[in-house]
Amino acid sequence: MRTRRPLRPGTVAKNVGALLLALVFVFPVYWMFSSALKPQSEMLSKDPVFVFTPTLKNFDKATGVDNFWSYVTNSLIVTVCAVVLALLVALAASFAIARMKFKGRKGLVLAVMMAQMAPWEVMVIAMYMIVRDAEMLNSIGVLTAIYFVMVLPFTIWTLRGFIAAVPVTLEEAAQIDGCTRGQAFRKVIFPLLAPGLMSTSLFGFITAWNEFAMVLILNKDKTSQTLPLWLTEFQTAFGSDWGATMAASSLFAVPVLLIFIFLQRKAVGGMTAGAVKG
(Lines give C-alpha, C1' and ligand atoms only; values in the text may rest on other atoms or scores of the structure.)
Protein backbone atom coordinates (compact mmCIF):
# COMPACT_ATOMS: atom_id res chain seq x y z
CA MET A 1 0.00 0.00 0.00
CA ARG A 2 1.42 3.33 -1.06
CA THR A 3 1.81 6.08 1.47
CA ARG A 4 1.09 9.60 0.37
CA ARG A 5 3.92 12.06 0.56
CA PRO A 6 3.24 15.01 2.85
CA LEU A 7 2.60 18.24 1.02
CA ARG A 8 5.43 20.70 1.26
CA PRO A 9 4.67 24.25 2.43
CA GLY A 10 6.01 25.61 -0.84
CA THR A 11 3.65 23.39 -2.87
CA VAL A 12 0.65 24.42 -0.76
CA ALA A 13 1.54 28.09 -1.16
CA LYS A 14 1.82 27.71 -4.94
CA ASN A 15 -1.52 25.93 -5.15
CA VAL A 16 -3.24 28.56 -3.03
CA GLY A 17 -1.68 31.34 -5.09
CA ALA A 18 -2.78 29.69 -8.34
CA LEU A 19 -6.32 29.28 -6.99
CA LEU A 20 -6.50 32.94 -5.93
CA LEU A 21 -5.17 34.06 -9.31
CA ALA A 22 -7.78 31.90 -11.07
CA LEU A 23 -10.53 33.44 -8.96
CA VAL A 24 -9.35 36.93 -9.90
CA PHE A 25 -9.74 36.11 -13.59
CA VAL A 26 -12.95 34.09 -13.25
CA PHE A 27 -14.87 36.52 -11.01
CA PRO A 28 -15.48 39.21 -13.69
CA VAL A 29 -16.88 36.52 -16.00
CA TYR A 30 -19.11 35.22 -13.23
CA TRP A 31 -20.27 38.76 -12.42
CA MET A 32 -21.12 39.43 -16.07
CA PHE A 33 -23.24 36.28 -16.44
CA SER A 34 -24.90 36.69 -13.04
CA SER A 35 -25.68 40.36 -13.72
CA ALA A 36 -27.31 39.35 -17.00
CA LEU A 37 -29.79 37.23 -14.98
CA LYS A 38 -30.54 39.83 -12.30
CA PRO A 39 -33.75 41.87 -12.18
CA GLN A 40 -33.25 45.58 -12.83
CA SER A 41 -33.93 46.53 -9.20
CA GLU A 42 -31.15 44.28 -7.91
CA MET A 43 -28.84 45.31 -10.74
CA LEU A 44 -28.88 48.92 -9.47
CA SER A 45 -28.58 47.98 -5.79
CA LYS A 46 -25.81 49.74 -3.85
CA ASP A 47 -24.82 46.50 -2.11
CA PRO A 48 -23.65 43.47 -4.12
CA VAL A 49 -26.40 40.88 -4.54
CA PHE A 50 -25.26 37.27 -4.82
CA VAL A 51 -28.58 35.49 -4.14
CA PHE A 52 -31.47 36.47 -6.42
CA THR A 53 -34.28 35.10 -8.56
CA PRO A 54 -32.97 34.75 -12.14
CA THR A 55 -34.84 36.41 -14.99
CA LEU A 56 -34.45 36.29 -18.79
CA LYS A 57 -35.88 39.76 -19.41
CA ASN A 58 -32.44 41.21 -20.02
CA PHE A 59 -31.79 38.63 -22.75
CA ASP A 60 -35.15 39.45 -24.33
CA LYS A 61 -34.12 43.12 -24.49
CA ALA A 62 -30.72 42.24 -25.93
CA THR A 63 -32.04 40.00 -28.68
CA GLY A 64 -34.98 42.31 -29.37
CA VAL A 65 -32.78 44.97 -30.96
CA ASP A 66 -33.59 45.74 -34.60
CA ASN A 67 -31.44 43.79 -37.10
CA PHE A 68 -30.14 41.49 -34.34
CA TRP A 69 -29.95 38.47 -36.64
CA SER A 70 -28.19 40.58 -39.27
CA TYR A 71 -25.52 41.37 -36.68
CA VAL A 72 -25.15 37.66 -35.86
CA THR A 73 -25.03 36.54 -39.49
CA ASN A 74 -22.53 39.22 -40.51
CA SER A 75 -20.22 38.43 -37.59
CA LEU A 76 -20.22 34.71 -38.36
CA ILE A 77 -19.61 35.28 -42.08
CA VAL A 78 -16.70 37.71 -41.75
CA THR A 79 -15.07 35.85 -38.85
CA VAL A 80 -15.25 32.31 -40.25
CA CYS A 81 -14.30 33.35 -43.79
CA ALA A 82 -11.36 35.48 -42.59
CA VAL A 83 -10.01 32.68 -40.38
CA VAL A 84 -10.38 29.95 -43.02
CA LEU A 85 -8.75 32.08 -45.73
CA ALA A 86 -5.91 33.02 -43.38
CA LEU A 87 -5.25 29.37 -42.51
CA LEU A 88 -5.18 28.30 -46.17
CA VAL A 89 -2.81 31.07 -47.26
CA ALA A 90 -0.65 30.89 -44.13
CA LEU A 91 -0.24 27.13 -44.40
CA ALA A 92 1.38 27.45 -47.84
CA ALA A 93 3.37 30.57 -46.95
CA SER A 94 4.69 29.21 -43.65
CA PHE A 95 5.72 25.92 -45.29
CA ALA A 96 7.65 27.82 -47.96
CA ILE A 97 9.38 30.00 -45.37
CA ALA A 98 10.25 27.09 -43.06
CA ARG A 99 11.29 24.47 -45.62
CA MET A 100 12.40 26.22 -48.82
CA LYS A 101 15.34 28.48 -49.61
CA PHE A 102 14.63 31.25 -52.10
CA LYS A 103 15.73 34.78 -52.82
CA GLY A 104 14.00 37.32 -50.61
CA ARG A 105 13.11 34.81 -47.89
CA LYS A 106 14.55 36.91 -45.06
CA GLY A 107 12.83 40.01 -46.42
CA LEU A 108 9.51 38.17 -46.45
CA VAL A 109 9.97 37.08 -42.84
CA LEU A 110 10.80 40.66 -41.86
CA ALA A 111 7.72 41.96 -43.69
CA VAL A 112 5.52 39.46 -41.84
CA MET A 113 6.98 40.55 -38.49
CA MET A 114 6.50 44.24 -39.29
CA ALA A 115 2.90 43.63 -40.40
CA GLN A 116 2.23 41.80 -37.15
CA MET A 117 3.66 44.62 -35.02
CA ALA A 118 1.92 47.46 -36.87
CA PRO A 119 -1.16 48.84 -35.05
CA TRP A 120 -4.11 48.54 -37.40
CA GLU A 121 -5.91 51.48 -35.79
CA VAL A 122 -3.51 53.93 -37.48
CA MET A 123 -4.66 52.64 -40.87
CA VAL A 124 -8.37 53.22 -40.34
CA ILE A 125 -8.44 56.59 -42.09
CA ALA A 126 -6.39 55.37 -45.06
CA MET A 127 -8.57 52.29 -45.44
CA TYR A 128 -11.72 54.38 -45.21
CA MET A 129 -10.52 56.67 -48.00
CA ILE A 130 -9.57 53.72 -50.22
CA VAL A 131 -12.86 51.90 -49.67
CA ARG A 132 -14.86 55.12 -50.08
CA ASP A 133 -13.16 56.00 -53.37
CA ALA A 134 -13.82 52.46 -54.59
CA GLU A 135 -17.50 52.93 -53.61
CA MET A 136 -17.43 49.77 -51.51
CA LEU A 137 -18.55 51.05 -48.11
CA ASN A 138 -21.01 48.86 -46.18
CA SER A 139 -19.58 45.75 -47.86
CA ILE A 140 -19.29 42.47 -45.98
CA GLY A 141 -16.74 41.26 -48.55
CA VAL A 142 -14.44 44.22 -47.94
CA LEU A 143 -14.71 43.75 -44.17
CA THR A 144 -13.84 40.06 -44.56
CA ALA A 145 -10.80 40.92 -46.69
CA ILE A 146 -9.57 43.44 -44.08
CA TYR A 147 -9.98 40.95 -41.22
CA PHE A 148 -8.19 38.33 -43.32
CA VAL A 149 -5.21 40.67 -43.75
CA MET A 150 -5.24 41.49 -40.03
CA VAL A 151 -5.14 37.82 -39.00
CA LEU A 152 -2.71 36.58 -41.68
CA PRO A 153 0.70 37.79 -40.32
CA PHE A 154 0.27 36.15 -36.91
CA THR A 155 -1.00 32.96 -38.54
CA ILE A 156 2.01 32.76 -40.88
CA TRP A 157 4.51 33.47 -38.11
CA THR A 158 3.00 30.93 -35.70
CA LEU A 159 2.59 28.12 -38.24
CA ARG A 160 6.16 28.71 -39.44
CA GLY A 161 7.40 27.85 -35.95
CA PHE A 162 5.31 24.67 -35.80
CA ILE A 163 6.48 23.50 -39.24
CA ALA A 164 10.12 24.25 -38.41
CA ALA A 165 9.77 22.15 -35.24
CA VAL A 166 8.78 19.05 -37.24
CA PRO A 167 11.97 17.07 -38.06
CA VAL A 168 12.84 17.11 -41.76
CA THR A 169 13.75 13.44 -41.45
CA LEU A 170 10.06 12.51 -41.12
CA GLU A 171 9.31 14.17 -44.45
CA GLU A 172 12.37 12.58 -46.07
CA ALA A 173 11.39 9.13 -44.74
CA ALA A 174 7.92 9.49 -46.26
CA GLN A 175 9.46 10.45 -49.61
CA ILE A 176 11.76 7.41 -49.47
CA ASP A 177 8.66 5.26 -48.91
CA GLY A 178 7.26 6.58 -52.19
CA CYS A 179 5.36 9.73 -51.21
CA THR A 180 5.64 12.90 -53.23
CA ARG A 181 6.49 16.09 -51.39
CA GLY A 182 2.82 17.06 -51.35
CA GLN A 183 1.78 13.65 -50.01
CA ALA A 184 4.50 13.79 -47.36
CA PHE A 185 3.20 17.17 -46.23
CA ARG A 186 -0.42 16.00 -46.19
CA LYS A 187 0.16 12.63 -44.47
CA VAL A 188 3.07 13.40 -42.15
CA ILE A 189 3.49 17.11 -41.45
CA PHE A 190 -0.11 18.27 -41.56
CA PRO A 191 -1.36 15.96 -38.73
CA LEU A 192 1.48 17.19 -36.52
CA LEU A 193 0.38 20.79 -37.10
CA ALA A 194 -2.96 20.31 -35.32
CA PRO A 195 -1.92 22.26 -32.16
CA GLY A 196 -0.65 25.14 -34.31
CA LEU A 197 -3.76 25.19 -36.48
CA MET A 198 -5.99 25.21 -33.43
CA SER A 199 -4.11 27.98 -31.61
CA THR A 200 -3.87 30.22 -34.67
CA SER A 201 -7.52 29.71 -35.60
CA LEU A 202 -8.51 30.56 -32.03
CA PHE A 203 -6.46 33.76 -32.11
CA GLY A 204 -7.86 34.66 -35.53
CA PHE A 205 -11.43 34.02 -34.41
CA ILE A 206 -11.05 36.21 -31.32
CA THR A 207 -9.38 39.00 -33.31
CA ALA A 208 -12.04 39.10 -36.04
CA TRP A 209 -14.94 38.50 -33.65
CA ASN A 210 -13.96 41.38 -31.34
CA GLU A 211 -12.82 43.92 -33.96
CA PHE A 212 -14.69 47.20 -33.56
CA ALA A 213 -12.94 50.15 -35.21
CA MET A 214 -13.00 48.96 -38.83
CA VAL A 215 -16.67 48.06 -38.92
CA LEU A 216 -17.58 51.26 -37.09
CA ILE A 217 -15.89 53.40 -39.75
CA LEU A 218 -16.55 51.37 -42.91
CA ASN A 219 -20.04 49.97 -42.31
CA LYS A 220 -22.52 52.65 -41.31
CA ASP A 221 -25.53 50.68 -42.57
CA LYS A 222 -26.91 48.64 -39.65
CA THR A 223 -27.69 45.70 -41.93
CA SER A 224 -23.96 45.33 -42.67
CA GLN A 225 -22.65 45.78 -39.12
CA THR A 226 -21.34 43.11 -36.72
CA LEU A 227 -21.97 42.18 -33.11
CA PRO A 228 -19.42 44.54 -31.48
CA LEU A 229 -21.59 47.45 -32.63
CA TRP A 230 -24.66 45.66 -31.31
CA LEU A 231 -23.20 46.12 -27.82
CA THR A 232 -23.51 49.90 -28.23
CA GLU A 233 -27.29 49.73 -28.74
CA PHE A 234 -28.07 49.87 -25.02
CA GLN A 235 -27.14 53.49 -24.40
CA THR A 236 -30.26 55.62 -23.84
CA ALA A 237 -30.98 59.22 -22.90
CA PHE A 238 -31.41 58.03 -19.31
CA GLY A 239 -28.04 56.24 -19.17
CA SER A 240 -26.94 52.67 -19.82
CA ASP A 241 -29.29 49.72 -19.59
CA TRP A 242 -26.82 47.60 -17.64
CA GLY A 243 -29.00 44.51 -17.52
CA ALA A 244 -29.34 44.38 -21.31
CA THR A 245 -25.67 45.30 -21.72
CA MET A 246 -24.55 42.43 -19.50
CA ALA A 247 -26.90 40.03 -21.29
CA ALA A 248 -25.56 41.15 -24.66
CA SER A 249 -21.97 40.83 -23.42
CA SER A 250 -22.71 37.31 -22.18
CA LEU A 251 -24.19 36.28 -25.52
CA PHE A 252 -21.24 37.87 -27.30
CA ALA A 253 -18.74 35.94 -25.15
CA VAL A 254 -20.42 32.51 -25.43
CA PRO A 255 -19.20 31.66 -28.97
CA VAL A 256 -15.61 32.49 -28.04
CA LEU A 257 -15.82 30.32 -24.92
CA LEU A 258 -17.29 27.41 -26.90
CA ILE A 259 -14.65 27.73 -29.63
CA PHE A 260 -11.91 27.83 -26.99
CA ILE A 261 -13.20 24.69 -25.23
CA PHE A 262 -13.60 22.81 -28.52
CA LEU A 263 -10.21 23.78 -29.96
CA GLN A 264 -8.38 23.17 -26.70
CA ARG A 265 -9.56 19.56 -26.60
CA LYS A 266 -8.73 19.02 -30.27
CA ALA A 267 -5.27 20.57 -29.84
CA VAL A 268 -4.36 18.16 -27.04
CA GLY A 269 -5.48 15.20 -29.14
CA GLY A 270 -3.62 16.44 -32.18
CA MET A 271 -0.23 16.79 -30.50
CA THR A 272 0.59 13.14 -31.21
CA ALA A 273 -1.69 12.56 -34.23
CA GLY A 274 0.27 11.30 -37.22
CA ALA A 275 3.48 10.82 -35.26
CA VAL A 276 3.32 7.03 -35.56
CA LYS A 277 3.43 5.36 -38.95
CA GLY A 278 0.48 2.98 -39.41
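Arg-105 is found in helix α5, residues 105-117. Leaving out residues up to four places away in sequence, Arg-105 touches Ile-97 and Met-100; a contact means heavy atoms within 4.5 Å.

A word on where this comes from. This is a predicted model, in which local features need pLDDT of at least 70, side-chain atom pairs count only at pLDDT 80 or more, and totals for chains, interfaces and linings use all residues. Residues are numbered from 1 along each chain as its sequence is written, and side-chain values use heavy atoms, with hydrogens and water left out.

Now the whole chain. The protein chain has 13 helices and 2 strands; these are DSSP runs numbered from the N terminus, helices being H or I of at least four residues and strands E of at least two. Of its 278 residues, 36% are buried. Among contacts with a separation of 6 or more, 72% are between residues 24 or more positions apart. The accessible surface is about 17,100 Å², and carbon and sulfur atoms hold 69% of that, by the Shrake-Rupley method with a 1.4 Å probe, where for residues only the protein chains shown count as cover.

Next, helix α4, residues 68-99, which contains Thr-79. Is Thr-79 buried or exposed? Thr-79 is buried, because its relative accessible area is 0%. Not counting residues up to four places away in sequence, Thr-79 touches Phe-205, Ala-208 and Trp-209.

On to the loop between α6 (124-133) and α7, where Leu-137 lies. Leu-137 counts as partly exposed because its relative accessibility is 30%. With residues up to four places away in sequence set aside, its contacts are Tyr-128, Val-131, Arg-132 and Leu-218. Leu-137 and Asp-221 are 84 residues apart in sequence, and their C-alpha atoms are 8.9 Å apart in space.

Last, helix α7. Ser-139 caps its N-terminal end, with a side-chain oxygen 3.3 Å from the backbone nitrogen of Gly-141. Helix α7 bends by about 35 degrees at Leu-152, and a proline, Pro-153, follows within four residues; the bend is the angle between axes fitted to the seven residues ending there and the seven starting there. The 26 residues of α7 (residues 140-165) should span 38 Å at 1.5 Å a residue, and the end C-alpha atoms are 37 Å apart, which agrees. The expected span is 1.5 Å times one less than the number of residues.

Technical notes: Buried means under 20% relative accessible area, exposed over 50%, partly exposed in between (1.4 Å probe, protein chains only). A polar contact is a pair of N or O atoms within 3.5 Å; within protein, one must be able to donate a hydrogen and the other to accept it, and residues adjacent in sequence count only if both atoms are side-chain atoms.
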